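Please read it alongside the sequence and structure shown here.

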Amino acid sequence: MSANGVATAWNPGAGGYVYTLGISGSTIYLGGQFALMGGQPRSNIAAVNASSALATTWNPSANSDVLTLQVSGSTVYAGGYFTNLGGQPRDYVAALDITTGAARPWNANADFLVHDVEVSGSTVYVGGWFTTIGGQAGKYLAALDATTAAATAWNPNPSDYVQSLAVSGTTIYAGGYYRLLGGVARGRLAALDLTTGQATAWDPNASVSVVYCLAVSGTKVYVGGGFDTVGGQARSTSPRWTPRPGSRPHGTRV
């Protein structure tokens with residue numbers, strides 16, 4: 001999109017749905033449910049040139065939907081419904097070489113889908129519907145070592161699934177369907193200490209349904225989802241859709 005909101009000529013021609021984007025330099029990484037991207041066959045994950053919209057040679061080929069991508073240095077982290085990615089068995093979360101697209105040895109082996117991935121320093125934070133990950137039991141939200149993929153002791157223990165994450169400084173914001181997180185009551189939206197996993201005093205209390213997405217800019221946290229009130233104010237979103245295990249997220253065509 002241009003600054004005035006008008007679509008530019010850039011058009012990768014997605015043959016399906018795109019759920020997530022990542023950017024590194026002149027390359028845009030896309031994940032979703034598609035079979036064609038940038039003029040080439042691509043299975044649910046692809047990289048296209050930011051100027052031409054043509055697919056690059058990067059082709060990890062996921063065997064099912066990719067819901068989240070996070071670029072960190074020379075690695076692209078991916079989460080979703082897949083069980084094979086980058087030429088290797090990888091259950092629901094994987095680390096890919098940003099140049100070759102091959103799966104790195106890093107293998108957290110989640111037991112169910114991953115909805116969001118955020119990286120802070122040497123730690124990879126993961127939210128979703130899993131109950132074990134990184135070799136440890138841990139429901140819905142975990143911190144993984146960026147080198148070994150082993151789960152750390154960090155464990156906020158949400159009462160239900162986590163859909164979205166955003167890191168800002170020493171805080172990670174988490175949105176989802178839970179009512180308890182970090183040892184206290186929190187309505188679908190909370191801020192956690194990156195070191196202890198304890199909830200901070202920040203408590204917007206999103207009502208009714210679920211928080212799908214988060215973005216942090218300066219001192220503001222932008223939130224999207226299916227709720228009637230948040231932060232003590234009426235902020236209605238409609239229609240509501242509350243995903244449960246086995247259901248598919250909505251996607252957006254590009």
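A residue counts as buried when its relative accessible area is under 20%. By that criterion, Trp 129 and Tyr 161 are both buried. The model is predicted.

**Aromatic pairs**

- The structure contains 8 aromatic pairs.
- One of them joins Tyr 125 and Trp 154 in an edge-to-face arrangement, with 5.0 Å centre to centre and 75° between the planes.
- Because Tyr 125 belongs to strand E12 and Trp 154 to the loop between E15 and E16, this pair ties together parts that are 29 residues apart in sequence. Tyr 125 and Trp 154 are both buried.
- The ring centres of Trp 129 and Tyr 161 are 5.0 Å apart and their planes stand at 85°, so this pair is edge-to-face.
- Trp 129 is located in the loop between E12 and strand E13 (132-133), and Tyr 161 in the loop between E15 and E16, so the pair ties together parts that are 32 residues apart in sequence.
- Trp 129 and Tyr 161 also belong to a cluster, linked by ring pairs, that includes Tyr 92, Phe 112 and Tyr 177.
- Over the ring of Tyr 177 sits the charged end of Arg 188, 5.4 Å from the ring centre.

**Sheet and hairpin**

- An open sheet of 3 strands has the order E11-E12-E15, with antiparallel pairing.
- Strand E11 (114-120) and strand E15 (141-145) are at the edges, each with a single partner strand, so one side of each has no neighbour in the sheet.
- From one strand to the next, the twist averages 25°.
- Strand E12 (residues 123-128) is joined to E15 by 5 bridges, and the two run antiparallel. Within this pairing, Tyr 125 has Ala 143 of E15 as its bridge partner.
- Elsewhere, strand E21 (residues 210-217) pairs with strand E22 (residues 220-226) in the antiparallel sense over 7 bridges. Opposite Ser 217 stands Lys 220 in E22.
- The hairpin of E21 and E22 has 2 residues between the strands, and Gly 218 there takes a positive phi near 60°.

**Nonpolar cores**

- In soluble globular proteins, nonpolar side chains tend to be buried together.
- The largest nonpolar core comprises 37 residues, and those with the most contacts inside it are Val 93, Trp 106, Val 114, Val 124, Val 126 and Ile 133.
- At least two residues of this core come from each of strand E10 (93-97), E11, E12, E15, strand E16 (162-168), strand E17 (171-176) and strand E20 (189-193). E15 provides the largest share, 4 residues.
- A second, separate core has 15 residues, among them Val 66, Phe 82, Leu 96 and Ile 98.
- Leaving aside neighbours within four places in sequence, Trp 106 has contacts that include Tyr 77, Arg 90, Val 93, Val 124 and Leu 144.

**A buried arginine and an exposed leucine**

- Arg 186 is found in the loop between strand E19 (184-185) and E20. Its relative accessibility is 10%, so Arg 186 counts as buried.
- Beyond neighbours within four places in sequence, Arg 186 is in contact with residues including Tyr 178, Leu 181, Trp 202 and Asp 203.
- Leu 21 lies in strand E1 (residues 16-24). At 55% relative accessibility, Leu 21 counts as exposed, because the cut-off for that class is over 50%.
- Not counting residues up to four places away in sequence, Leu 21 touches Ile 28, Tyr 29, Leu 30 and Leu 69.
- A separation of 9.5 Å lies between the C-alpha atoms of Leu 21 and Ala 47, which are 26 residues apart along the chain.

Methods. Residues numbered from 1 in each chain as written. Predicted model: local features only at pLDDT ≥ 70, side-chain atom pairs only at ≥ 80, totals over all residues. Heavy atoms only, no water. Pairing = 2+ DSSP bridges. Axes fitted to C-alpha atoms, helices over the stretch in contact; angles between N-to-C directions. Core = buried A, V, L, I, M, F, W, Y, C linked by side-chain atoms within 4.5 Å. Buried < 20%, exposed > 50% of the residue type's maximum accessible area, 1.4 Å probe, protein only. Contact = heavy atoms within 4.5 Å. Phe/Tyr/Trp six-rings, centres within 6.5 Å; stacked < 30°, edge-to-face > 60°. Lys NZ or Arg CZ within 6 Å of the ring centre and 35° of its normal.
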